[in-house]
Structure formats: C-alpha cells, structure tokens
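Open your viewer and get ready to click along.

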Amino acid sequence: MAEAALKAEVEETQDLTDGFSLVIDAMKLNGLNTIYGVPGIPITDLGRHAQAAGIRVLSFRHEQNAGYAAAIAGFLTKKPGVCLTVSAPGFLNGLTALAHATTNCFPMILVSGSSEREIVDLQQGDYEEMDQLAIAKPLCKAAYRVLHAQDIGIGFARAIRAALSGRPGGVYLDLPAKLFAQVISADAGAKSLVKVIDAAPAQIPAPAAVKRALDVLRAAKRPLIILGKGAAYAQADEAIRALVEKSGVPFLPMSMAKGLLPDTHPQCAGAARSTVLKDSDVVMLVGARLNWLLSHGKGKAWGDAPKKFIQVDIEPKEMDSNVEIAAPVVGDIGSCVSALLDAMGGSWPAAPADWMGAVTAKRDENVAKMAPRLMNNKSPMDYHGALGALRTIIKERPDAILVNEGANTLDLARGVIDMYKPRKRLDVGTWGVMGVGMGSAIAAAVETGNPVLAIEGDSAFGFSGMEVETICRYHLPVCVVIFNNDGIYRGTDQNASGGPDPAPTVFVKGSRYDKMMEAFGGTGVNATTPDELKRAVNAAMDSGKPTLINAVIDPAAGSESGRIGNLNPQSKLRKK
Ligand SMILES: Cc1ncc(C[n+]2csc(CCOP(=O)(O)OP(=O)(O)O)c2C)c(N)n1
Ligand SMILES: [Mg+2]
C-alpha cells in the first residue's frame with residue numbers, strides 16, 4: 001500500500017515542474033550556458049541543479065568578482081553574462097559589477113535570490129532583508145521581479161531583451177526564495193517559457209544621416225577615426241577594417257578597441273595620440289563616447305583647430321552629450337559601418353598626403369623614442385623593461401587575452417603592448433575601476449578557451465586576489481603577472497607625521513604574491529629581471545597551468561596616478 005502511494009506520488013510529480021527547473025529551462029532555451037556566482041540561501045540548490053542540467057556553474061570567492069566575470073562575458077560573447085547571488089549582502093556585492101556593466105554597455109543579468117516580500121515590505125526583519133529591486137533600479141538598465149513560477153519564462157525574456165537590445169547594459173532579475181519551490185504543471189511550465197527571437201534587432205541608420213557623415217568626412221583636410229569598445233563589442237570586425245582602410249584615414253583605438261585593426265597597422269595613430277587629437281579637423285567616432293577618456297571632446301587635449309564630429313552610436317541620446325555633433329549616425333555599429341561602406345562607393349579619395357605624412361612621422365618618432373627603454377634589463381625592473389618582455393610575448397601569441405589593471409601598470413601596458421586581434425584586451429573600462437582583474441581573467445578563459453595573461457598592479461590585484469583559488473580549482477589557463485612596486489603608484493611614500501604607520505599608498509615591502517598561487521597548487525615564480533619574467537610567462541602559456549609571477553618592480557619607478565595625475569584635486573594651500 002505504502003509502495004503504491006509512493007508510486008502515485010512519483011507519477012504525479014512527473015507531471016509537475018518547479019521554480020528551480022523553470023529558471024534552468026529558461027536559461028538553456030536562450031543559450032545562457034554559464035553562471036558566475038556564489039552559493040547560499042536561497043540559491044544553493046539552483047546552482048547544483050543547473051550544474052546537473054549541463055549549465056557551467058563557476059563558484060567564486062566573492063560576488064563582485066563573479067559579477068565582473070559576467071560583465072566581461074557579455075562583452076566577449078554578445079550574450080548577457082549571468083551572475084547569481086544570494087540576498088542582501090551577496091546582492092550588494094554583485095551590484096557594483098552590475099553598475100559597471102551598465103556604465104560600460106556590457107550586457108549582463110544579475111540574478112539574485114531575495115527574502116520574503118511580505119516581511120521585507122513591512123520591514124519585519126527577515127533573514128537578509130532588503131528591498132533589492134528598489135536599490136538595483138537606478139544602477140542598471142532595467143530591473144524586474146518574478147513572483148510566480150509561470151512568469152519565470154517571461155522574466156528571463158524581458159531581462160535578456162533589455163540587456164541586449166539598443167545600447168547593451170546590466171539588468172537585475174529578482175527571484176524571491178519562495179519562487180524556487182513553487183510547483184506548477186510541467187505542461188504549463190513548458191508553455192510559459194519564451195525563446196527570445198532577435199534579441200538585439202538591427203538598427204539601420206537613415207540614408208540621409210549616412211550621406212551627411214560622408215560629406216563631412218570627404219571635405220576633411222585632417223581626418224581621424226576613433227574606435228571605441230562599442231566597435232569591438234559589435235563583432236563587425238571585417239566591415240570596420242574595410243571602412244578604415246577604404247577611407248585611408250588614421251585611426252585611434254580606445255583601450256579595449258585595440259586590436260580591431262592591429263596596432264602595427266600603417267594607419268594606426270595610437271603612438272601619435274596627442275598630435276591627432278590636437279590637429280585633426282574632422283573626427284569620426286565609432287562606438288566611442290566623448291566622456292572623460294576623450295577629455296569631453298574639448299579643451300587643451302583637443303587643441304585650437306576647429307573640429308567637426310561625426311558620431312556613430314546606437315544611442316541617440318549620446319549625440320551632443322559634450323560638444324555639437326555635426327553628423328550623427330544612429331544605429332547599431334555593424335549596420336552603420338556597412339551603410340557607410342556602401343555609400344562610399346568605388347572611388348573614395350585618398351586621405352590628404354601631408355596629413356598622413358605628419359601623423360606617420362610623429363608616430364615613428366615616438367615609437368623610436370620608446371624602443372631602447374623597452375630593451376633595458378635592469379633589476380629591479382622598471383615598467384618599460386618588464387613590459388618590453390611582455391610585449392614580445394603578445395606579439396608571438398596574438399590569440400592570448402590580455403587582462404590589465406592598475407595605475408602605472410595599466411597606462412604603460414596600454415601604451416607599450418601592441419594588440420593584433422579584436423577583443424583581446426580587457427581592462428578597467430569607463431570607470432577605471434580596480435578589481436576587475438581576476439573575474440575578467442576567469443571569464444576570458446572560460447568563454448574563449450584562449451590563454452590569458454593578466455598584468456596587474458599589486459594594489460589592483462589585491463581587490464580580487466583570492467580568486468586565484470578559483471583559477472586553480474577550475475584549472476584555467478591563466479598567467480597572472482603582478483607588477484609589485486610595493487604599493488599604489490609608488491612604494492616610496494613616507495608617513496609625513498613621522499609616526500610608525502606606513503604611508504597610505506605603501507604596502508608590505510618585498511611581498512611574495514607568487515606564494516599565494518602555490519598555496520592552491522598553481523605555479524608561483526619570483527621574477528627580478530625581464531629575462532626571468534619572459535621565461536616564466538612563456539612556460540605558463542605553454543603549459544596552460546595556473547601561474548602567478550611576482551615581478552619585482554623598482555618602487556620609485558611609477559608616477560602618481562599613472563597618466564591621469566592631472567585629475568587629482570590640487571589645493572593652493574598645500575603647495576610647498
Ligand atoms: C574600486 C577602486 N578603488 C580605488 C581606486 C583608486 N585607484 C586607482 S589606481 C589604484 C591602484 C594603483 O596601484 P597599482 O595597482 O599597484 O598600480 P601601480 O601604479 O602601482 O603600477 C587605486 C587604488 C580605483 N580606481 N578603483
Ligand atoms: Mg603598485
């Protein structure tokens with residue numbers, strides 16, 4: 001009798017599904033095959049069941065790093081990266097990354113468990129109580145909550161479409177604990193799922209806008225094209241290359257657009273940045289915003305020469321954000337670039353030879369000036385000596401993904417290390433945020449399978465350093481190089497009070513970050529010369545084994561805030 005009852009129950013539940021399963025089914029149906037997160041109430045079982053169902057579930061040591069991983073996964077794949085967190089504190093830890101994704105226009109979905117609405121809304125002190133939806137809303141592109149199992153399919157569809165369509169960004173999806181245990185008929189569940197069709201519909205630019213842009217470009221005497229990370233995101237690599245080459249115009253890649261065309265391309269003006277910004281008369285922005293990274297399109301960096309801007313962007317509100325845009329071209333980058341190419345026709349005039357000559361001369365002069373500094377073999381190393389070695393490694397291994405954060409470590413690596421292929425350079429993005437390093441490295445390895453070289457300031461690394469255990473746990477082909485200069489910017493500051501505390505920018509001298517990696521079974525190396533560094537990185541890239549190299553950098557070699565020291569407020573009172 002008991003057996004019969006059990007059998008009946010099993011048969012009955014076979015026709016049922018629950019919130020856990022519907023979340024997993026909704027994700028799989030839409031090709032969301034990876035979760036970056038941290039387990040705990042109420043989403044522990046969701047992670048387990050998702051893994052059992054074939055979703056790759058990567059457990060991190062802190063949600064912020066999982067969130068940064070999801071954000072960069074979105075950038076690399078054009079699918080929303082999914083980060084899964086527990087309620088209140090886990091949610092808040094993930095929220096920084098969601099805001100970062102939104103600021104950088106990376107598609108991401110932060111899925112967070114939450115506590116019971118009835119108790120949260122009456123503020124009766126539930127376990128991890130927080131009104132998460134309200135808190136997330138101003139920090140992301142869209143925020144949704146699902147209260148009923150039959151709405152999970154729609155909830156995911158809305159989240160995916162919001163993350164991907166138009167200008168991509170971060171989306172918050174709130175899933176209260178009770179939802180996971182809700183049971184509905186399997187048939188109703190299956191019918192409730194939504195496969196998102198054409199999540200990022202093409203946005204075709206108006207022909208008149210395309211013509212206006214080309215008229216402005218054709219009339220230029222000193223034209224310039226600036227490629228932003230929106231152009232890299234678009235995966236319209238061939239068309240972008242064709243546009244740049246057909247126009248014959250010098251191009252300047254923003255940091256994460258490096259490699260869209262090789263930095264060694266004859267039209268690349270990366271090494272003549274200040275000249276082209278100052279002297280150009282027409283600037284075509286492709287997926288690049290005139291924010292602080294481009295000095296808002298005005299002021300000293302842009303010189304006195306009158307400028308006309310052409311801007312290609314998916315977001316109409318981006319136009320005239322900082323200066324007048326003479327020729328706005330609104331649409332997705334792929335469609336816009338194709339339309340521009342078509343309208344250029346077969347006989348586009350060559351770029352003015354005197355301008356090309358001036359840019360090339362400046363570039364070659366700057367490259368020649370830097371060359372001897374990159375060959376120095378000093379010990380302790382300076383930035384240029386160490387970066388000279390790493391630059392050769394990326395040249396020999398152009399498919400490797402470079403992750404980069406720090407101040408001097410960031411700014412100098414960006415300038416020194418040439419990139420050869422699209423979306424191979426991942427860094428601090430629009431905010432210049434520290435902490436993206438290990439999350440980005442993990443997602444890059446997971447999403448692409450390519451080897452990853454993470455070049456990290458010692459301070460920058462500290463924000464996500466515990467994730468070296470995650471790298472070891474999943475056996476990821478990540479080589480982390482710490483530029484260890486004993487601190488933030490420099491390791492030489494003194495405590496002006498004369499007291500025993502070290503200065504605020506200084507860390508423990510002579511730290512051995514390599515030992516952290518050894519603690520988890522990875523390879524640790526202490527490198528004191530560029531030759532040692534080069535050998536160790538090559539060995540790591542050949543073996544694919546998790547490796548951390550402590551690169552000993554002269555503590556006096558860096559400068560305050562790297563290349564952006566000018567942004568530090570300066571009081572007249574404190575000047576000596
Ligand atoms: C989240 C966050 N906190 C603080 C900062 C301020 N900040 C900018 S660079 C930096 C660290 C620079 O030191 P390091 O990574 O060691 O690079 P170095 O200049 O020494 O090579 C810090 C803390 C930031 N950008 N982001
Ligand atoms: Mg440092």
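Select the shell around ligand 1: its residues divide into 8 nonpolar, 8 polar and 1 charged. Here Ala, Val, Leu, Ile, Met, Phe, Trp, Tyr, Cys and Pro count as nonpolar, Asp, Glu, Lys and Arg as charged, and the others, Gly among them, as polar. This is a predicted model, where local features need pLDDT of at least 70 and side-chain atom pairs pLDDT 80 or more, while totals for chains, interfaces and linings use all residues. Residues are numbered from 1 along each chain as written, chains are lettered from A and ligands numbered from 1 in written order, and side-chain values use heavy atoms, without hydrogens and water.

Next, highlight Tyr 383, Asn 408, Thr 409, Gly 432 and Asp 458, which come nearest of the 17 residues around ligand 1; a residue is near if one of its heavy atoms lies within 4 Å.

Now color helix H20 (458–462). H20 gives the largest share of the shell, 3 residues. Helices are DSSP runs (H or I) of at least four residues, and strands (E) of at least two, numbered from the N terminus.

Which atom of ligand 1 lies 2.9 Å from a backbone N or O atom of Gly 432? Zoom in to find a nitrogen atom of ligand 1. For Tyr 489, a backbone N or O atom lies 3.1 Å from an oxygen atom of the ligand.

Finally, select Trp 292, in the loop between strand E11 (282–286) and strand E12 (308–313). Trp 292 is partly exposed, with a relative accessible area of 32%; partly exposed means between buried (under 20%) and exposed (over 50%), using a 1.4 Å probe and protein chains only.

Notes: Polar contact = N/O pair within 3.5 Å; in protein donor to acceptor, adjacent residues only side chain to side chain.
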